[in-house]
Amino acid sequence: MISVQAGPAPRRRLDGLPAVLGAIPVSLLFLSLVVTPLGLTFVLTFRPFDYNTGIQAGLTLHHYATVLSDPYFLGIFWRTLWISVLTTAICVAIGVPEAYILSRMRAPWRSIFLLAVLSPLLISLVVRAFGWSMLLGPAGLIGQAARALGWGPLLYTPAAIVIGLVHIMLPFMIIPVWTSLQKLDPSVEHAAYSLNASRLQTLLRVVLPQCMPGVLSGSLIVFGLSASSFAIPALLGGRRLKMVATVVYDEFLTELNWPLGATLAILLLLANVIIMMAYNRVIERSYRRSLG
Amino acid sequence: MSFLRLEKLSKDYGDLRVVRDLDLSVEQGEFVSLLGPSGCGKTTTLQMIAGFADVTRGRVVLDGRDITHAAPNTRGLGIVFQTYALFPHLTVQDNVAFGLAMRKVGRAERRERTREALALVKLDQHGDRYPRELSGGQRQRVALARALVIRPPVLLLDEPLSNLDAKLREDMQFELRAIQRKTGTTTLMVTHDQAEALSISDRVVVMQEGRATQIDRPYRMYEHPGSEFISRFVGKTNFLPATVTRAGARAEVRSGELCLDVDGQGLSQGDAVRVCLRPEKLLPVAPGQGRLTGTVTTRYFLGSQWLYELDTPLGALTVLTPNDGRAPHDDGERIGVDWQMEVVRVLPGMEEQGGVAQRQEGTP
């Protein structure tokens, strides 16, 4: 997805028949499981729909017009965007220092804490979401604390969604940053100290810029996963607070308006792809020469 | 009063004594090398001076100021790291200017001094490049410019040339010395390469198991090594086991048939000693003439020199002669070996430290 990190030295290339044969299994998998459903969904967006008769034959742009002109849907797109951006920003703020501390730890502790960081990935997302809903709910520890501080209820607010998303996404930020920190030459920091830089200056001007490729690829992953997340907004946002993925679910399974649901899904995919590609291009341009 | 002084400097890692009671005085403008095999504590010594390793005992005094426990970023020393440790995300120019920016040097002066430093290492054309776009030798120069631009009182070089190929290493050696002469910066270099240490230093410190075993000018170090280890480590040496047969101002030592008249200082009758002969001080002569006769077992062509392995009644002997255009001796040929009386060195027969000699490979 992102090519800012230096790959291993190029291996001998495979050409001709072996290459074609080798590519067949993955191509079949990709064609049958990704391209076909995506193509069918895309075709579906142009089908007229009637609540009495269901999906009709023919082509129309009616659903696109509906989504792009209805403030309800636009509001949901906007909320999805800012929640994803905020989640990404918080993941950067927490994940980068955490990865740095992790990379500074000594042998036994580093593995233990790395496992602690990664352990959430081993637990089902739904279980974790329910865990948060108990904590954030009116009877939960954090929910009660928030009420005592006068912040009002937490569960079923954007704050709950962001908290849940940050918790889920943090490993996806820490791992790429940690990887790029691993590649850092420890004497580079010594060099900075020898040139009179303070600890903070060294962190900000020497260490951080060098792990920027990791930060940026981590934020791409976190943003992409957050924008299309379903379980967390569904369970922590409740019935009323929607993000795009939950609206798609509603259109398909509650309203049974498949073409509208498909249109929302395609527009989400499109927005996600455009944002991530633009971001990737900016990164590549600024780091290609220096960090390869 | 010396400029940089190490007083009984010691470093322990648990029970392991990496550096032991190192005393060293470096004068202003002097170029001193710490020479030793890997694991002898030379890099640890440098790190203690730089402040990257804690000092267990002893003191580091720079220009009258005790910096033993000063933070590394307050010492103001210029350091060139073995890996160069350039900032990969900054251009060559910004790498060099980094130290000046940290010292809050004004923009105009910063630019001027950066340009000067890059000109000094002949890289003024490459200021806008990134380190990864440079060759190894060029990166080395950037590292040197970056360390020198802050006008440090002392320049510390940690194996600066070990990552360069042989030809470049030789060129950089002389250039390093020329730059050091020009700037007059007091320099301490760590190296395991004796040729490097001898060729460019004012003084060489041989380190062995955490101790400085000899501190001398390169020529004296080579001509009068203090121990068998130093003799082997600094250049090649032939050793002949011998016994002192007559003590006095001039002593007589005997090794098999060979009887040598040497300086008798420190020798007493009956001592087991080792006679050292540098291979390049041995002259091949006609068989039967000279002090010894032997058979050539192998010869190696080194370009400017010939290296002969001889089999003599006293054991194997290595002879190094200039390639002066005359026909070399063939394998199996019998030749005589002669030498000047003054080139003979006598060392105590027993190494005080066991296990030192076995580190040496490939020396006769």
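Start in chain B and select β15, β19, β16, β17 and β18: in that order, these five strands make an open sheet with antiparallel pairing. Strands here are DSSP E runs of at least two residues, helices are H or I runs of at least four, and both are numbered from the N terminus. Two strands pair if DSSP finds at least two bridges between them. At the edges you'll find β15 (283–285) and β18 of chain B, each pairing on one side only. From one strand to the next, the twist averages 45°.

A word on the ground rules: residues are numbered from 1 along each chain as its sequence is written, while chains are lettered from A and ligands numbered from 1 in the order in which they are written. You're looking at a predicted model, where local features need pLDDT of at least 70, side-chain atom pairs count only at pLDDT 80 or more, and totals for chains, interfaces and linings use all residues.

Stay in this sheet and pick out β17 (residues 305–312) and β18 (residues 315–322) of chain B, which pair antiparallel over eight bridges. β17(B) and β18(B) form a hairpin, with two residues between them. Which residue of β18(B) is the bridge partner of E309(B)? Click on T318(B).

Next, highlight β16 (residues 292–301) and β19 (residues 334–338) of chain B; four bridges join these antiparallel strands. For one of the partners, show T295(B) together with R334(B) in β19(B).

Now for another sheet in chain B. Select β6, β7, β8, β3, β9 and β10: six strands in that order form an open sheet with mixed pairing. β6 (78–80) and β10 (211–216) of chain B each have a single partner strand, so one side of each is left without a neighbour in the sheet. Here the twist averages 15° from one strand to the next. L34(B) stands opposite V190(B) in β8(B).

Zoom out and colour chain B by domain: domain 1 covers 4–228 and domain 2 covers 238–359. These bounds come from an automatic or database domain assignment. The two domain centres, taken over C-alpha atoms, are 37 Å apart.

Bring chain A into view. 20 residues of chain B are in contact with 19 residues of chain A, where contact means that the C-beta atoms, placed from the backbone, lie within 7 Å. On the chain B side, helix α2 (residues 92–102) gives the most, with three residues. That side has 13 nonpolar, five polar and two charged residues. Ala, Val, Leu, Ile, Met, Phe, Trp, Tyr, Cys and Pro count as nonpolar, Asp, Glu, Lys and Arg as charged, and the others, Gly among them, as polar.

Within chain A, select helices α1 (residues 16–44) and α12 (residues 258–291): their axes come within 8 Å and cross at roughly 120°. Axes are lines fitted to C-alpha atoms, for helices over the stretch in contact, with angles from 0 to 180 degrees between N-to-C directions. Show T41(A), F42(A) and L44(A) in α1(A), which meet W258(A), P259(A), A262(A), A265(A) and I266(A) in α12(A). This contact has seven nonpolar, one polar and no charged residues.

Finally, colour chain A by pLDDT, the predictor's confidence in each residue, from 0 to 100. The chain A average is 88, and 95% of the residues score at least 70. Residues 1–7 of chain A stay under 50. Where pLDDT is low, the predicted coordinates should not be read in detail.

Methods: Two residues are in contact if their C-beta atoms, placed from the backbone, lie within 7 Å.
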